[in-house]
Amino acid sequence: MDNSKLLIIKNSDNYLHHPHIEIDEMTVKPHQEQPQRVENIERAIIKSNLPVSFSEIHSYGEDIVKDIHTAELINSIKQISMDSDETEYNMPYVFGLTPVTERRSKEIKRVSYHCMDMGSPIGKYTYQTALLSASISYEGARRLIDGQKYIYGLCRPPGHHAENNVYGGYCYFNNAGVAANHFIKSGKSKVAILDVDYHHGNGTQRIFYDTDAVLYVSIHGDPDLEYPYYTGFDDETGSGKGLGANLNMPLPIGTDEERYLKALNRACEKILSFKPDVLILSLGLDTYKRDPICRFILEVETYEKIAKKIKSLNYPTLVLQEGGYCVPDLGKLAVSFFKGYLEDLLND
Ligand code: SP5
Ligand code: ZN
């Protein structure tokens, strides 16, 4: 183990999942969640002088997602993948919101039993790639338990929109959920998840909504106007034992660095008062001013400040990649973040 470096856990085969289109606002658009995203991040980090080492993941298999996802969701993603030809992608266009029968149509590619939107196609390699992405997160959790200090799971596809029984928002399995679940099973009694992706992590919220073992804190675009629309409001505070262990901080369109950092301070206070054993950071880079689908206006330098603030909490932290769609600039955003995050290594 080498704690003088950032350990980047990755999957070079993630490009096998590469949906080409999505449907948004009645329009067929090029799919935003492209393999070039993580390629650019990796390339920029290598080019920077940050101290890093890479670890290529192998798949841990289905068991790692079984505690947080239903068998129906897992099997449905697997089945659609298996039934797809090499270049075929599928997404439903029928959303049966009034389930009248247990009987399920054979047309699982057309009707949604588990899918929340028309932005998350499934192809031949989607199941395998999503499981590898979850494996990155699982491996990150294991390494953190082993004492590795700085870990970045370069997950692709992202995870935070995937709920127990639902996929969508470019997410199939909930990577942060897999890590949190593993921490709890390994004897950590309290896990905090800070989600700084532009979009509310409806999946992560849902999975841990009823438990006080996992605190979920999210800063995101106002769901009155932004995806995923149906969750992310500030009155969603958890239920049952989990009441109080969920904090949503929706911010208005146009939020700039000053406003963002104020919200981050409040988010951090909540995390400190929870006293977690470990922290998971769902790192979306789509709060950036040039992001093509989001509407905050953070600067490249803001990510360094965000990282320093999170670092100052001084918890063992697992950083996981979520969204971020300004493909040409993603590398410099990640480098800015890790310049802040690895500050103490750089000053030595
Ligand atoms: C992980 C993640 O960041 N998922 C985001 C999924 C968002 N999908 C819907 C995006 C709709 C954006 N519409 C933008 C219209 C711009 N004119
Ligand atoms: Zn996002």
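A residue is called buried when its relative accessible area is under 20%, exposed when over 50%, and partly exposed in between (1.4 Å probe, protein chains only). The model here is predicted, so local features need pLDDT of at least 70 and side-chain atom pairs count only at pLDDT 80 or more, while totals for chains, interfaces and linings use all residues. Residues are numbered from 1 along each chain as its sequence is written, chains are lettered from A and ligands numbered from 1 in the order in which they are written, and side-chain values use heavy atoms, leaving out hydrogens and water.

Let's begin with the metal. The zinc ion (ligand 2) is held by Asp197 (OD), Asp197 (OD), His199 (ND1) and Asp286 (OD), at 1.9 to 2.8 Å. Donors are N, O and S atoms within 2.8 Å of the metal (3.2 Å for Na, K and Ca); water is not among the atoms, so sites may look incomplete. Along the sequence, the donor residues follow the spacing D-x1-H-x86-D.

Here is the accessibility of some residues:

| Residue | Relative accessible area | Class |
|---|---|---|
| Asp197 | 1% | buried |
| His199 | 7% | buried |
| Ser120 | 0% | buried |
| Ile21 | 39% | partly exposed |

Now to Ser120, which sits in the loop between strand S7 (111-112) and strand S8 (122-123); strands (E, at least two residues) are DSSP runs, numbered from the N terminus. A polar atom of the Ser120 side chain lies 3.0 Å from the backbone nitrogen of Gly169. Beyond its neighbours within four places in sequence, Ser120 has contacts (heavy atoms within 4.5 Å) that include Asn90, Tyr167 and Gly169.

Key: Helix = DSSP H or I, 4+ residues; strand = E, 2+ residues; numbered from the N terminus. Polar contact = N/O pair within 3.5 Å; in protein donor to acceptor, adjacent residues only side chain to side chain.
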